[in-house]
Amino acid sequence: MAPTLRAVPDCLVCRQPLPEEGALRSSDPQGVAPGEFEVRVCRQCGGGTTLPLVGAEVLSSYYPSEYGPHSRAGASGPLARAAMAARMRTRLFRGLDDAIRRGEDRGDQAGAPRLLDVGAGSGDLGGVLASRGWRIVGVEPSAAACELARKRGVDARHGTLETVELEPAGYDAAVFHHSLEHVPDPVASLSRARDALRPGGAVAVAVPNFDSDQRRRLGGDWWALDVPRHRFHFTPDALRRAFGRAELDPGWLRPTASVLGPAANAQQRRTGRMETSGARFLAGYALALAAYPARWAVAEARRRGEFVGAIAVKP
């Protein structure tokens, strides 16, 4: 049975009452959660809140057993890890490294940087960073994904930021790589990560851009909407406000193009969901890679790309 919709909740970032009417409606493209879901848009920050609001226990039931980031079955696994290695050269991760170097001296000068990977999944990101000498602590609610992440050198802790034990001021950086949109309270999660950072520690975030051209054009059919798993839908302004409410100093923030956007949108319109394996997935991936340089240039010019990357610092 679908959760019951509560009357006029508040925006998860601004804490202002949301409009009475839903701006977008969508069913679950994965076919796991029953019923239809609303995304109501905040008049203040432009971000979208997925309704009904649910707790962690209900939210966990929205993920299929073979959810891609948790299992990486078929061709998606090697491709995801190769893509993550390539992302180390992007401005988000170069900026994260720069922010760590600019921060206050760590107590353990001889040790490698210590990073908190929130929503570590099966270790795609953490494994790449661990192979480069970083010490990675992952937080992940899927027990099966934790097992895979541990095999890739990640100290994966089963649970959420609210339930796992973290060393206060024990981390140089925290990363929410396409995970902050999944949590029931993004400001609380950012605040918990801030408490785990040393002074001057950095937080890197990558999320879908609710203000992108593709979302405006496709509405409820946009592949990165992914309700009900995505609980909040960030605009650049909403992400800045979330940093501020979590007492983090926003630094670099920029929309950018996604690699898989056109292929994923086409697959969702045709079949109702994004493919994660098989011939159509591989063909779409190849075409998307070929078209990416041109789409990146357009996204840079218009500042309306499908993703937003940002870095903030603990004072």
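1. A residue is called buried under 20% relative accessible area, exposed over 50%, and partly exposed in between, with a 1.4 Å probe and protein chains only. By that scale Arg25, with a relative accessible area of 49%, is partly exposed. Glu38 counts as buried, at 7% relative accessibility.

2. On the source: this is a predicted model, in which local features need pLDDT of at least 70 and side-chain atom pairs count only at pLDDT 80 or more, while totals for chains, interfaces and linings use all residues. Residues are numbered from 1 along each chain as its sequence is written, and side-chain values use heavy atoms, with hydrogens and water left out.

3. The salt bridges come next. The term stands for a side-chain nitrogen of Lys or Arg within 4 Å of a carboxyl oxygen of Asp or Glu. A search of the whole structure finds 15 of them. One of these joins the side chains of Arg25 and Glu38, at 2.6 Å from N to O. Because Arg25 lies in strand β1 (residues 24-27) and Glu38 in strand β2 (residues 36-41), the pair ties together parts that are 13 residues apart in sequence. Strands (E, at least two residues) and helices (H or I, at least four) are DSSP runs, numbered from the N terminus.

4. Glu38 also meets Arg40 in a salt bridge, at 2.8 Å from N to O. Both Glu38 and Arg40 are buried. A network of salt bridges links Arg25, Glu36, Glu38 and Arg40.

5. Elsewhere, the side chains of Asp226 and Arg229 form a salt bridge of 2.8 Å, N to O. Asp226 and Arg229 are both buried.

6. Now the sheet. Seen in order, the 7 strands of an open sheet are β6-β5-β4-β7-β8-β11-β10, and the pairing is mixed; two strands pair if DSSP finds at least two bridges between them. At the edges are β6 (155-158) and β10 (249-256), each of which pairs on one side only. Neighbouring strands of this sheet are turned by 15° against each other on average, direction ignored. Axes here are lines fitted to C-alpha atoms, for helices over the stretch in contact, and angles run from 0 to 180 degrees between N-to-C directions.

7. Strand β10 runs antiparallel to β11 (residues 307-313), and 6 bridges join the two. Thr256 has Phe307 of β11 as its bridge partner. Helix α7 (residues 186-196) packs on the sheet and touches β4 (114-118), β7 (171-177) and β8 (197-208), where contact means heavy atoms within 4.5 Å. The direction of α7 makes about 145° with that of β8.
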